[in-house]
Amino acid sequence: MSHQPAFEAYPEMNAGEYYPLRMPHSAVSSLERLRIRIFGAIKAGTDTLHFSGATDIYLFKCRDCGQYNCDYLHGFFPNQRLDCRACEEKEKREGN
Ligand SMILES: [Zn+2]
């Protein structure tokens, strides 16, 4: 049985959407949740639409708020990170 990664449920982001992309819990399968618990983040797909080159997109669960997100790696090795949409918005609201 082949499993469709959660990101494939969102092949095209709506106009005006941007990374990190909030992923509803219902879009993340129990297998993906398990793999995320083990590996921290899993490759969810490759985005060729919103970048000049093919860019790997990762699915992960925020350690601070528990929200699932899809994001690309920011920064440069070894200081790369994945951002959480909910925490990013919270920081903006609080003016940090
Ligand atoms: Zn968060």
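Confidence in the protein is lowest in strand β2 (residues 41-47), with a mean pLDDT of 89, and highest in helix α1 (residues 30-39), with a mean of 96, where pLDDT is the predictor's confidence in each residue on a scale from 0 to 100. This is a predicted model, in which local features need pLDDT of at least 70 and side-chain atom pairs count only at pLDDT 80 or more, while totals for chains, interfaces and linings use all residues. Residues are numbered from 1 along each chain as its sequence is written. The protein has two helices and four strands, and from the N terminus on these elements run β-α-β-β-β-α; helices (H or I, at least four residues) and strands (E, at least two) are DSSP runs, numbered from the N terminus.

**Confidence**

- The mean pLDDT of the protein is 85, and 82% of its residues reach 70 or more.
- Over residues 1-6 pLDDT stays under 50, and for this stretch the model has eleven contacts beyond four places in sequence; two residues are in contact if their C-beta atoms, placed from the backbone, lie within 7 Å.
- Where pLDDT is low, the predicted coordinates should not be read in detail.

**The sheet**

- Four strands form an open sheet in the order β1-β4-β3-β2, and the pairing is antiparallel; two strands pair if DSSP finds at least two bridges between them.
- The edge strands are β1 (21-23) and β2, each of which pairs on one side only.
- Neighbouring strands of this sheet are turned by 30 degrees against each other on average, with direction ignored; the axes are lines fitted to C-alpha atoms, for helices over the stretch in contact, and angles run from 0 to 180 degrees between N-to-C directions.
- Strands of a sheet pair through backbone hydrogen bonds, either parallel or antiparallel.
- Between β2 and β3 the antiparallel pairing extends over six bridges, and T46 stands opposite D56 in β3.
- Between β3 and β4 there are four bridges, again in the antiparallel sense, and L59 stands opposite C70 in β4.
- Between β1 and β4 the antiparallel pairing has three bridges, and C70 in β4 is also the bridge partner of L21.

**Burial and the nonpolar core**

- Buried residues make up 18% of the 96 residues in the protein; a residue is buried if 20 or more other C-beta atoms lie within 10 Å of its own, exposed if 12 or fewer, and partly exposed in between, with C-beta atoms placed from the backbone.
- The largest nonpolar core has eight residues, namely M23, A44, I57, Y58, L59, F60, Y68 and C70; such a core is a set of buried Ala, Val, Leu, Ile, Met, Phe, Trp, Tyr and Cys residues joined through C-beta atoms within 7 Å.
- Strands β3 (55-61) and β4 (68-71) each supply at least two residues of this core, and β3 gives the most, with four residues.
- In β4, Y68 and C70 point one way while N69 and D71 point the other way, and all are buried.
- In a regular strand the side chains alternate between the two faces of the sheet.

**Helix α1**

- Helix α1 lies across β2 and β3 and runs at about 115 degrees to β2.
- This helix is hardly covered, since the count of buried residues among its ten residues is one.
- Just after α1, G40 takes a positive phi of about 90 degrees.

**Turns and cis peptide bonds**

- In the hairpin of β3 and β4, which has six residues between the strands, G66 takes a positive phi near 85 degrees.
- The peptide bond from Y19 to P20 is cis, with omega near -5 degrees, and P20 lies in the segment before β1.

- K43 is found in strand β2, and it counts as partly exposed because it has 13 C-beta neighbours inside 10 Å.
- Not counting residues up to four places away in sequence, K43 touches D56 and Y58.
- K43 and D56 are 13 residues apart in sequence and 6.8 Å apart in space, C-alpha to C-alpha.
- Across the protein, residues 24 or more positions apart account for 43% of the contacts with a separation of 6 or more.
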